[in-house]
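Please read the following dialogue beside the model.

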Amino acid sequence: MQRMEETDRLNPGEERLRQLLMRGLAGDAPAYHGFLQELSAHLRAFLRKRLARLPDEVEDLVQESLLAIHNQRHTYDAGQPLTAWVHAIAKYKLIDLLRRRARRDLLTDPLDDEFDLASSVATEAAEAHRDLHKLLEQLPDRQRLPIIHMKLEGLSAAEAAQVTGMSESAVKVGVHRGLKVLAAMIRGDA
Amino acid sequence: MRTDDLVAMLATGVEAVAPGAAMRRCAMALGWGVLGAAALMVVLLEVRHDLAAAVLLPMFWIKLAFVAGLVAASLLAVLRLSRPGLRLAWVPGALAAPVLAMWLLAGSVLMRADAPQRVQMFFGETWASCPFLVALLSAPAFVALLWAMRGLAPTRLRLAGAAAGFLSGAIGALVYSLHCPEMEAPFLGFWYLAGMLIPTAVGALLGPRLLRW
């Protein structure tokens, strides 16, 4: 482990952010929303610095990292610095993206978009290029419908079960699995 | 989808996460791995007949302690490598300690033995089958641990796969040691370790493919 000590902390309020996450892990949705909201700004800064040559990829990677953090949130250990956990996930997703690109560039021309003057310069929250809505539409019904009703329309599990005719536990499993499949689609595995 | 919309979507109706979910998953895999190895051993091999006599010998317990130490150290490695941002820190040292201790013991008994004895100590009766039987008994734990890790979030996939492989190898060796009649340190320090390294290599090979998330 000769890795360098990570110097850039999740600036001032790491402890406050950690509290929001802990409350989110206990099922407090507004706290969890606040956590993800603040985290996305931090991730954007973190990834922009490391993806200076690919500004167009930053927002997609912010979204992919947020989804990864959500899907693996059970791996956060309460005694662990939040920064280390978040940065390890963001770096993992960053490296995964670079590998994917390297593989793709082997098949196409590697020199085309490196210095493209027309490529947009990232201002605040740049647009993501990949549309998660479109990926959502490709999910099978047993995952897509629970996500639409529970996560987008904000119905409870019981209400979503009623609308879809699925059982309540099947609805919950559908949300959980669907978000994982979404992450797999992004990395090109599904 | 805008990032703010994604954030809202992920937070809406979010479920509570049971504390200790990650640990429970590993514990379950470990339990299945041990049970599976024990079942394979009883069905395919059988417990050594002189077990009652063997437990009176110090070397039996040294052998068990060697393997149990490796199980404990590699379990720590698996737990740390399964979650983002945890460092291995002193775990590689803990993994090396039982091996070095066994090699020291092996060196000292080999020095005191004469040449034909040395060959016997190193090869025993079962050197040709031992590593493969250890690897065979590791299979249930190997599958269970990779399943558990797939539900967690390893970020160094090759290393994580190797650690899961080594842990399953150590579990296989632990169960195998109840069958195996060999008691000499040179044998244990080489052939047992070789057996554990088979699933380790397979894990390192499969890790990047199977553990990606």
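The dialogue below covers the overall fold, the domains, a helix pair and a loop residue.

Q: What kind of model is this, and how are its parts labelled?
A: This is a predicted model, in which local features need pLDDT of at least 70, side-chain atom pairs count only at pLDDT 80 or more, and totals for chains, interfaces and linings use all residues. Residues are numbered from 1 along each chain as its sequence is written, while chains are lettered from A and ligands numbered from 1 in the order in which they are written.

Q: How many helices and strands are there in chain A?
A: Helices (H or I, at least four residues) and strands (E, at least two) are DSSP runs, numbered from the N terminus. Chain A has eight helices and zero strands, and its pattern along the sequence is α-α-α-α-α-α-α-α.

Q: Into which domains is chain A divided?
A: Domain bounds come from an automatic or database domain assignment. For chain A they give domain 1 (11-113) and domain 2 (131-190), with C-alpha centres 22 Å apart.

Q: How many residues of the domains of chain A are in contact?
A: Two residues are in contact if their C-beta atoms, placed from the backbone, lie within 7 Å. In chain A, eight residues of domain 1 are in contact with eight residues of domain 2. On the domain 1 side, the elements giving two or more residues are H3 and helix H4 (82-107) of chain A; H3(A) has the largest share, six residues.

Q: At what angle do the axes of H2(A) and H3(A) cross?
A: Axes are lines fitted to C-alpha atoms, for helices over the stretch in contact, and angles run from 0 to 180 degrees between N-to-C directions. The axes of H2 (residues 29-50) and H3 (residues 58-71) of chain A come within 9 Å and cross at roughly 135 degrees. Angles under 35 degrees count as roughly parallel, over 145 as roughly antiparallel, 65 to 115 as roughly perpendicular and the rest as oblique; H2(A) and H3(A) are therefore oblique to each other. Residues making this contact include Leu36(A) and Leu43(A) of H2(A), and Leu61(A) and Val62(A) of H3(A).

Q: Is Ala89(B) buried or exposed?
A: A residue is buried if 20 or more other C-beta atoms lie within 10 Å of its own, exposed if 12 or fewer, and partly exposed in between. Ala89(B) counts as exposed because it has 11 C-beta neighbours inside 10 Å. Ala89(B) is in the loop between helix H4 (58-81) and helix H5 (91-112) of chain B, and has a positive phi of about 50 degrees although it is not a glycine.
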